[in-house]
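Please keep the model in view while going through the numbered points.

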Amino acid sequence: MSSLCFWCSAAVATAVALSILVFFQFFLKNKSPSSRISHAGTPPGSRGLPFIGETLQFMAAVNCSSGVYDFVRIRCLRYGGCFKTRIFGETHVFVSNTEWAKLILNDGGGRFTKKYIKSIVELVGHQSLLCAPHLHHKFLRSRLINLFSSCFLASFVPQFDRQIVETFQRWESGFTVFVLTEALKITCKAMCKMLISLEEENEVEMIQKDVGYVCEAMLAFPWRFPGTRFDAGLKARRRIIKKLKNIIQKRRELESQYEDFLQRLLMEEDNGEPLSDMEIGDNILTMLIAGQDTTASAITWMVKFLDENQDVLQNLKEEQFKILEEQREDNRSFLTLEDVANMSYATKVVKESLRLASIVPWLPRLILHDTDIQDYKIKKGWNVNIDVRSLHSDPSIYKDPIKFIPSRFDEETKAFSFLAFGMGGRQCLGMNLAKAMMLVFLHRLLTSFRWKVMDCDSSIEKWALFTKLKSGCPILITPLQSS
Ligand code: HEM
């Protein structure tokens with residue numbers, strides 16, 4: 001009873017506090033034109049309440065089934081393609097224009113640098129490529145980019161294909177399979193092998209869980225109390241880093257040889273300035289985070305879009321069965337990089353899925369000097385976010401933008417209008433790897449099963465940094481041999 005009273009009082013107190021906040025905000029909005037109408041030359045938009053700005057509205061969007069992007073979408077409709085807001089005590093400008101995207105993404109680090117909120121930096125690590133300042137980023141990227149060579153991809157594709165074939169062999173007729181769950185398992189397993197040669201099932205599962213906790217904590221309030229999302233994310237980060245440190249130490253002691261990214265980074269020690277253990281650890285964790293959820297989400301959306309567009313699916317099947325036939329004629333069991341390069345229609349399906357899903361909805365940068373972006377003055381210390389989702393659904397760039405039309409990529413698109421992987425010096429390092437994983441998954445799904453999506457709900461997973469389908473996309477499968 002007393003606990004009930006406590007919760008009732010707490011609820012009343014919260015309601016009163018919220019009413020005061022809402023009233024306060026309403027009062028400010030209507031009294032002070034400066035909060036609503038743009039300052040001379042700065043972009044339009046509301047900077048919200050003192051100190052907290054529009055953080056409450058942002059967090060409400062994080063916790064809503066239309067996804068965090070709704071916060072941006074609503075303001076974009078209200079103010080247009082360039083607006084400002086205040087979140088977590090900082091001013092953010094969102095821009096959705098190819099010219100501005102070009103200006104920002106082509107900048108060599110003089111006016112703009114990459115910037116994530118502090119909580120994300122703590123989770124991925126200060127030595128991570130994602131957070132490193134310009135010069136350090138250049139050094140780290142020069143080391144990491146070598147790992148993603150076409151030689152590596154050529155050996156990765158058949159390996160990944162084998163892994164998918166083995167997984168699909170366990171899927172039985174009449175099974176309902178959650179594409180997101182399976183894609184997460186598959187991508188995590190592939191990444192663990194590729195990065196650190198980790199194959200033991202329980203250990204891979206633990207890494208997958210921990211990477212999930214880190215991802216979930218990225219948009220959480222940075223509260224460190226036990227039981228909070230952020231605390232769980234930090235603990236998961238510590239477990240992964242501890243594991244990586246142990247593996248690095250063992251490799252150094254035993255001088256064992258592995259063919260994975262970690263080994264290649266350790267061997268770099270012989271050629272110039274080596275990466276420190278912390279740099280190696282933070283960046284292996286970064287690749288796990290950057291590669292796993294994104295690719296699995298992209299696969300899930302692609303399956304959903306194909307189910308909703310049976311004509312596209314039919315065209316795609318024709319291409320994929322031709323490739324299967326060629327494989328059989330050549331007596332090959334697994335796909336090669338060359339097969340993947342020949343999947344021209346599927347490549348457009350992948351691109352169109354990435355456009356429509358916009359897995360990474362905006363690209364964050366920090367402004368290093370006062371800057372004019374066309375008619376607006378953007379101040380040093382502000383954040384500018386390239387609104388990728390808005391660009392991807394701009395009808396002046398993409399005709400019928402809400403429709404799934406892979407053939408729209410028959411023609412070259414306008415520069416800086418397709419930004420699923422970013423562009424310029426910070427472009428996704430795993431872009432070709434991600435595309436290859438999506439294509440191989442697609443090939444095997446189409447040539448092994450008949451399938452039907454069982455839940456058409458398009459709600460977005462709450463608290464997800466990357467646009468993730470909440471339903472997980474359950475599909476009912478029938479193996480083709482038995483149909
Ligand atoms: C469909 C899957 C993926 C999507 C949509 C995606 C998208 C992106 C985007 C938008 C960026 C940021 C670009 C910017 O801020 O300008 C990025 C960066 C990055 N991605 Fe990916 N990514 C995917 C898969 C992967 C994979 C598989 C890996 C590696 C294993 C990876 C590794 C990275 C890294 C290391 C960066 C940081 C690059 C830098 O700052 O220099 N990504 N990705």
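1. Axes are lines fitted to C-alpha atoms, for helices over the stretch in contact, and angles run from 0 to 180 degrees between N-to-C directions. The model under review is a predicted one. With this in mind, consider helix 10 (residues 201-217) and helix 11 (residues 229-254), which pack with axes 8 Å apart and at an angle of about 140°. Helix 10 is therefore oblique to helix 11. The crossing of these two helices is left-handed.

2. Which residues make the contact between helix 10 and helix 11? Helix 10 contributes Glu203, Ile207, Asp210, Val211, Tyr213, Val214, Glu216 and Ala217. From helix 11 come Arg229, Phe230, Ala232, Gly233, Ala236, Arg237, Arg239, Ile240 and Lys243. Sorted by class, the contact of helix 10 with helix 11 holds nine nonpolar residues, one polar residue and seven charged residues.

3. On helix 13 the contact involves Ala298, Trp301, Met302, Phe305 and Leu306. On helix 16 it involves Val349, Val350, Ser353, Leu354, Leu356 and Ala357. The contact of helix 13 with helix 16 comprises 10 nonpolar residues, one polar residue and no charged residues.

4. Helix 8 (residues 150-169) and helix 18 cross at roughly 35°, and their axes come within 10 Å. This crossing of helix 8 and helix 18 is right-handed. The residues of helix 8 in the contact include Phe152, Phe156, Phe160 and Phe168, while those of helix 18 include Leu433, Met437, Phe441 and Leu445. By class, the contact of helix 8 with helix 18 has 14 nonpolar, two polar and two charged residues.

5. Where is the protein donor to the iron atom of the ligand? The iron has a single donor from the protein, the SG atom of Cys428, at 2.3 Å. Cys428 is located in the loop that lies between helix 17 (388-392) and helix 18 (431-448).

6. Five strands make up an open sheet in the order 1-2-8-5-3, and their pairing is mixed. Strand 1 (82-87) and strand 3 (112-114) are the edge strands, each pairing on one side only. From one strand to the next, the twist averages 35°. Strand 1 pairs with strand 2 (residues 90-95) in the antiparallel sense, over six bridges. Within this part of the sheet, Phe83 stands opposite Phe94 of strand 2.

7. Helix 4 (residues 69-79) packs on it and touches strand 1, strand 2, strand 5 (362-367) and strand 8 (383-387). The direction of helix 4 makes about 135° with that of strand 1. Helix 5 (residues 98-105) also packs on the sheet, where it touches strand 1, strand 2, strand 3, strand 5 and strand 8. The direction of helix 5 makes about 130° with that of strand 8.

8. Another open sheet consists of three strands in the order 4-10-9, with antiparallel pairing. Its edge strands are strand 4 (176-178) and strand 9 (449-453), each of which pairs on one side only. The twist in this sheet averages 35° from one strand to the next. Strand 4 and strand 10 (residues 474-479) run antiparallel and are joined by three bridges. The bridge partner of Phe178 in strand 10 is Pro474.

Definitions and conventions:
Residues numbered from 1 in each chain as written. Predicted model: local features only at pLDDT ≥ 70, side-chain atom pairs only at ≥ 80, totals over all residues. Heavy atoms only, no water. Donors = N, O, S within 2.8 Å, 3.2 Å for Na, K, Ca; no water. Helix = DSSP H or I, 4+ residues; strand = E, 2+ residues; numbered from the N terminus. Parallel < 35°, antiparallel > 145°, perpendicular 65-115°, else oblique. Left-handed = near helix turned anticlockwise from the far one by under 90°. Contact = heavy atoms within 4.5 Å. Nonpolar A, V, L, I, M, F, W, Y, C, P; charged D, E, K, R; others polar. Pairing = 2+ DSSP bridges.
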